[in-house]
Amino acid sequence: MSISLDQLTKRYQGVPVVNDVSLEIGDGEFFVLLGPSGSGKSTLLRSIAGLSGLDHGRIALHGRDVTHVAARKRGVGLVFQNYALFQHMTVAENIEFALRVRRVRAAERRRRRQELLRLVALEGMDERLPAQLSGGQQQRVAVARALAHKPEVLLLDEPFGALDAKIREGLRRTIREVQRELGITTVLVTHDQEEAFAMADKIGVMNLGRLLETGKPQDLYTRPATRFVATFLGAANLILARQGTNGPRWGARSPGLHCPGAAGGAREREVVAVVRPEEVEIARSHEELFSSDYLGHGVVEDVLFTGALERARIRLDEAPDAPILAHANADGAILLEATRAQFEQRAFAISPGQDVAIGVRRAHVLPTPLSSFTVCGSNPSAVERLAGHPLLLDLSSRMKTRIRRYLEPTLGGSAPSRESAAALPGTTVIAAHRNVASDAMWLLEQGVEEVLILPEHAPSPQRVLIHWMDESARRATLAASASVLRHVAAEAIYVDVLPERTAATERSFGIRDLLDARSEARVAHGLEIRTELRFGVLAQALTEQLDESPGHMLIIGITSASQLTAELAALLTNPRWPLLLVHRGCEALAHSRSAA
Amino acid sequence: MREGQPTVLPGFGLTLGFTTFFLSAVVLLPLAALALLAASTPLHQLLDAVASPRALASYQLSFGGALLAACINLVFGFIIAWTLARYEFPGRKLMDAMIDLPFALPTAVSGIALTAVFANNGWLGRYLDMVGIHVAYTRLGVILAMTLIGMPFAVRTVQPALLEVQRDLEDAAETLGAGRWYVFRRVIVPAVLPAMLTGFTLAFARALGEYGSIIFISGNLPMKTEITPLLIVIHLEEFDYRGAAALGFVMLAASFVILLTINLLQAWGRDRMVRRGQ
Amino acid sequence: MTAAGAQPGSLDELATRPGRETLLAALGRRSLIGISVGFLAALLLAPVAVVFATAFRNGFQVYLQAFADPDTQAAIRLTLLTALVVVPVNTVFGLAAAWAIAKFEFRGKSLLITLIDLPIAISPVISGLLFVLLFGMRGWFGAWLAANGISIVFAIPGIMLATLFVTFPYVARELIPLMQQLGNDEEEAAITLGAGAWMTFFRVTLPKIRWGLLYGVILCNARAMGEFGAVSVVSGHIRGLTNTMPLAIEALYNDYDFTGAFAVASLLTLLAVATLVLKSLVERAGYRRR
């Protein structure tokens, strides 16, 4: 491995800007760090260069631990967004700077300089001053300068940021060619996904300081694991679907859409499917859909001609069995986006107001277990109050998903009726009260798998405590926790509680459980969690820890609804913190596995 | 806005007219008076005033002292600017605000205060006296006052240059393998050189023309600790207008040369920073 | 590219850099800070401290008595009066000059800027000398003024003129770069929307430049109240009539009335400190000097 980063964390004034990033970059690889501004990607790059210290973690370059090595001894070349050329030196002096520092003889310096100038196509510019060059030329000089001392790693910090589109194109090509010719491991930081696709062997997507996913551009585009990557890399429609035995079902009528990764499972559960706009087909009627599965009907809202492609936005019909978009677009309208190539436009021209049938050529189901929220309450005002809960609004907007409302009169009573309710999709949200355990129990018995219990005042959590009642709930609980933690800036702590008088051998089992939890979180979800072992009675030990400071959230994995009234009873009487219950029977386990 | 581009904004004639009129009345007319008086003075009389031994001695002190003071400020001004720009320490903000004190403090006040501090029985003069250094009423005192008066200029020109331009360049040099001393010599100093020279020149100009703070600490001994501005005042007090005007003319010429130097230095600094294609 | 307050290359980041916290670096930093603090303490703090120490050395009563002297009171009045006249005049001039220079292109603009800056480069003594040559007994207008019974030199008008000359550039020099940097877009928009010239100035330009203007006025005022050299040449040192505060200090000092001299000096020192505080506040309020 050329670059290997191990759990890098960097905080500014207590806020992590780089949050537990681990990453391996292979020899000769062109790696692109992609993320919005403020995602911590530049800070990460500067840490690799040695220009920014770390609070935690290790950096190795070609097997050499350089965590505490000064920038000048790391053997990296760094290219800055604003070139950072030495203005008082000529092009030649700039390029030879690193060689002069190393006391290389003049003849050798000249030879190397000419080689580099040829490489970046600036031959004969030796004696110019940077001020006499265009922006693109200056950046070429900067690239040559960064390569002069034959660094093992080339780092580029938004190198095209200050250039206009035409020059950008040419410089991109040059950098890619130089990189191939020298075979140098390269890391480029950018916020431009098109640039990332054009240059990368591999892309790492960062958001809020976390490295969310890494992979080949193609894989990340077609099979993202997170909502953020799905929507940040190109446009995406997030559609709520039901995952059954035969893959996702959009409406009630269309079974059997082919979808990779969907295999057997006992019951239907709600999932989030990514449908790229170019995978949407539009036809006059259901029968005329050519190569795709039927999604539903809709009305064309607007059509935008953009040259090669046409962009259309379609308002889906609101039939009871119609598919549902998970999130609103930028302007608040819930519209399906489609792009069509010229030949499609010729085959079937559309105009605003037209009624069309919509099909999906290809869909990808996200492995996240938290698909949407359904707010449940016994009367309309309670439902509305809960649907407007700040924490819930925050979560749903960050998760780009919707909040549905559902009225269930039997909730909140001391003994809810045993009549079966309609299947509640997604994560069910209920308000905390004294007897919330019986509500939760009833919901779980109806087949709900995640219940979020919200007290009236709950700030955005800073620490998330995780616990599962049984090892068989571990996988599902971790998956749900990962989903939550990607959308809140919080530390994750797994807590295991052993009885007060535990034998030494059993204690070692407890510690092994902790290690297992950590490694699974890291391997399966790229999530770093801390672990703590406590002794005592479960509910009491957890309550103590929750009360240590405000801003906690609790996630508990259970295997049977009866645990709510037994071991967890004390926790569930009027809880003061948001509490997410993840319920998985043994049979549901295989299913959630298959979605990942 | 480019030359010849029309603008809809009003008030050009009014403001420019007022500016030119006021400038002429307050600045240009008096200057013309001085120039004309100096020009109309017979040459031998002019030479008598300008090249008298007493005048020559005063030039030596004024120009030499100002040069020395500017050199001291070049070094210490850079150190202070560096400290303020690069280090975080308790009292940094206070120190930053204090730099402008010589500028805000009336020169008469700094004159008597410096004299009090550095007199042979003063707070610091007492200890300097023990090692045989006399500051008050000597040429050293003149240089000290000149240093004080020029200090803000030296610091305030270098400080922003150190703050703004250099961080990226230093980072670049560091990743290219340069040590800190090498970065300092080859990257930082060349880049802030125009600012340093501008600061030097400003400090020199200020020290050269300074009057108030010096006359208290210098003792004003003819031929020894008498600065040129004081000599002008003495001529005036003797109603020797022509002598005063002649000396004034010499000082004024020096000021023009300095002003020109500053403008050239700033143009040089700008040229080096110009980036085409942006 | 990072969250607010987390600037790459900030002082915080620099300190955490690997390979930075060597013994030598720490030593270098300490000695540089030490040198700076020592230099400023000897040159700035000690003089300011000595002003108050001397002013109060014979007790508060004696300090107050210094201000009971009618000549001293007259000096304070004259200084205030001078500032009251000079600062507004130069403010108006500064605004006009900045408007003409920043908003329009014309030939000779850079010459004009240089000429406006000129008084800063000229020795204050020469500034005073200019007015003596112009209005003094043997000056250009001396005979005519004497014939009409108008006295300028060795009288209050001369003091005001000299102060006007010395503080002439301060407001303009603060405003010109600021207005150039802010550009004409907003004013042009206002004019095209039908606003008149004065309305454009008061509603669009003035709010934008108010901190810079205040900054210039503060500096101008400090210089106007503290000017010594130029005023000394034209005033004639007539106690109770043409002595400003700085001149009163000199007079008291030369009479060996150190307590009195330093008492008046303490007032001017307070003015200087207040100027610095105000200046810092203005800077904090969002106006940064170039």
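User: How many residues of chain B are in contact with chain C, and how should I read such a number?

Analyst: Two residues are in contact if their C-beta atoms, placed from the backbone, lie within 7 Å. In this structure, 73 residues of chain B are in contact with 74 residues of chain C. This is a predicted model, in which local features need pLDDT of at least 70 and side-chain atom pairs count only at pLDDT 80 or more, while totals for chains, interfaces and linings use all residues. Residues are numbered from 1 along each chain as its sequence is written, with chains lettered from A and ligands numbered from 1 in the order in which they are written.

User: Which element gives the largest share of the side of chain B that touches chain C, and how do its residues divide by class?

Analyst: Helices (H or I, at least four residues) and strands (E, at least two) are DSSP runs numbered from the N terminus. Helix H1 of chain B, residues 12–40, supplies 15 residues, the largest share of the side that touches chain C. For the classes, Ala, Val, Leu, Ile, Met, Phe, Trp, Tyr, Cys and Pro count as nonpolar, Asp, Glu, Lys and Arg as charged, and the others, Gly among them, as polar. On that basis, the chain B side has 56 nonpolar, twelve polar and five charged residues.

User: At what angle do H3(B) and H2(C) cross, and is the crossing left-handed or right-handed?

Analyst: Axes are lines fitted to C-alpha atoms, for helices over the stretch in contact, and angles run from 0 to 180 degrees between N-to-C directions. The axes of H3(B), residues 53–86, and H2(C), residues 23–55, come within 9 Å and cross at roughly 120°. The crossing is left-handed, a term for a near helix turned anticlockwise from the far one by less than a right angle, clockwise being right-handed. From H3(B), Phe76(B), Ile79(B), Ile80(B), Trp82(B) and Thr83(B) meet a set of H2(C) residues that includes Leu32(C), Ile33(C) and Phe39(C). The contact of these two helices holds nine nonpolar, two polar and no charged residues.

User: Why is chain C called more spread out than a compact globule?

Analyst: The radius of gyration is taken over C-alpha atoms, and the globule rule is 2.2 Å times the number of residues to the power 0.38. Chain C has 14 helices and zero strands. Its radius of gyration is 24 Å, well over the 19 Å that the rule gives for 290 residues, so chain C is more spread out than a compact globule. Along the principal axes, its C-alpha atoms fill a box of roughly 75 × 60 × 30 Å.

User: In chain A, what is the strand order of the six-stranded open sheet, and which strands are at its edges?

Analyst: Strands of a sheet pair through backbone hydrogen bonds, either parallel or antiparallel; two strands count as paired if DSSP finds at least two bridges between them. Here the order is S6-S7-S8-S3-S9-S10 (chain A), with mixed pairing. The edge strands, each pairing on one side only, are S6(A), residues 76–79, and S10(A), residues 210–215. Neighbouring strands are turned by 15° against each other on average, direction ignored. Helix H4(A), residues 135–147, packs on this sheet, touching S6(A) and S7(A), and its direction makes about 170° with that of S6(A).

User: What is the pairing in the open sheet of five strands?

Analyst: The pairing is antiparallel, in the order S14-S19-S15-S16-S18 (chain A). Its twist averages 45° from one strand to the next. S14(A) and S19(A), residues 355–360, pair over four bridges, and Ile282(A) stands opposite Ile358(A) in S19(A).
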